Amino acid sequence: MIAYVGFGCRVLLAVVFFAAAVSKVRGRRDRAAFQASLGAFGVKPRWRPAVAAAVITCELATAVLLVADVTALAGSAAGAALLIVFTMAISSVLRRGTSVSCRCFGASTQPLGRRHLVRNAILLLIAALGVTGTTPATALGWNPAALMVSGFVAVILAALVISYDDLVSAVLPR
């Protein structure tokens, strides 16, 4: 059972990191807005294109690593490392009192806040649980139906993570 939970965690993180990367590059405006938002994190203008490219590349690489059993442990570790870096960056912005829109999943009018730290903490827990799903499928004799249920639940939960800002805004209006 725990292996299916771990598998679901990997699927959830893969979808989240893939969506985060794609949302930053789906158009010129999105890419420019993401690069511009890096200024609030202290990134100098000349470094913003490189930092943006590095973030997007790391998000895509993490998503790809999480897909295969052979690289899932590396993907979970990369995801955890990214989440720690993102959490530190958000904490830095919050400590300085700087207001910056969350560009985690593309354009958002919601400023970064404590809720983003909570979201990242939950995703870090999911990354840790994802490690339990790194046993090769052939060794476990996966049940295809259980895999499908686990994957389906993971995709639904990933959609909730991706729309987190909108959901929080609906529940807790300013």
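Q: Does H1 pass H3 in a left-handed or a right-handed crossing?
A: In this predicted model, helix H1 covers residues 2-25 and helix H3 covers residues 48-67, and their axes come within 8 Å. The sense in which H1 passes H3 is left-handed.

Q: Which term, roughly parallel or roughly antiparallel, describes H1 and H3 relative to each other?
A: The axes of H1 and H3 cross at roughly 150°. Angles over 145 degrees count as roughly antiparallel. The two helices, H1 and H3, are therefore roughly antiparallel.

Q: How many nonpolar residues does the contact of H1 with H3 have?
A: On the H1 side the contact includes Leu-13, Phe-17 and Phe-18, and on the H3 side it includes Ile-56, Leu-60 and Leu-66. By class, the contact of H1 with H3 has three charged residues, one polar residue and, for the class asked about, nonpolar residues numbering 12.

Q: At roughly what angle do the axes of H3 and H4 cross?
A: Helix H4 spans residues 72-96, and H3 passes H4 in a left-handed crossing. The residues that meet there include Cys-58, Thr-62 and Leu-65 in H3, together with Gly-75, Gly-79 and Phe-86 in H4. The contact of H3 with H4 divides into nine nonpolar, four polar and one charged residue. The axes of H3 and H4 come within 7 Å, and the crossing angle is roughly 145°.

Q: How many disulfides does a search of the whole structure find?
A: Cys-9 has a relative accessibility of 8% and so counts as buried, whereas Cys-58, at 37%, counts as partly exposed. A disulfide would need a pair of cysteine sulfur atoms within 2.5 Å. Over the whole structure, the number of disulfides that the search finds is zero.

Q: Is Val-100 buried or exposed?
A: Val-100 lies in the loop between H4 and helix H5, the latter covering 114-130. Leaving aside neighbours within four places in sequence, Val-100 is in contact with residues including Ser-37, Phe-41, Val-93 and Pro-111. The relative accessible area of Val-100 is 7%, and the cut-off for this class is under 20%, so Val-100 is buried.

Q: What separation do the C-alpha atoms of Val-100 and Ala-36 have?
A: Val-100 and Ala-36 are 64 residues apart along the chain. In the model, their C-alpha atoms are separated by 10 Å.

Technical notes:
Residues are numbered from 1 along each chain as its sequence is written. This is a predicted model: local features need pLDDT of at least 70, side-chain atom pairs count only at pLDDT 80 or more; totals for chains, interfaces and linings use all residues. Side-chain values use heavy atoms; hydrogens and water are left out. Axes are lines fitted to C-alpha atoms, for helices over the stretch in contact, and angles run from 0 to 180 degrees between N-to-C directions. Helices (H or I, at least four residues) and strands (E, at least two) are DSSP runs, numbered from the N terminus. Angles under 35 degrees count as roughly parallel, over 145 as roughly antiparallel, 65 to 115 as roughly perpendicular and the rest as oblique. A crossing is left-handed if the near helix is turned anticlockwise from the far one by less than a right angle, and right-handed if clockwise. Contact means heavy atoms within 4.5 Å. Ala, Val, Leu, Ile, Met, Phe, Trp, Tyr, Cys and Pro count as nonpolar, Asp, Glu, Lys and Arg as charged, and the others, Gly among them, as polar. Buried means under 20% relative accessible area, exposed over 50%, partly exposed in between (1.4 Å probe, protein chains only).
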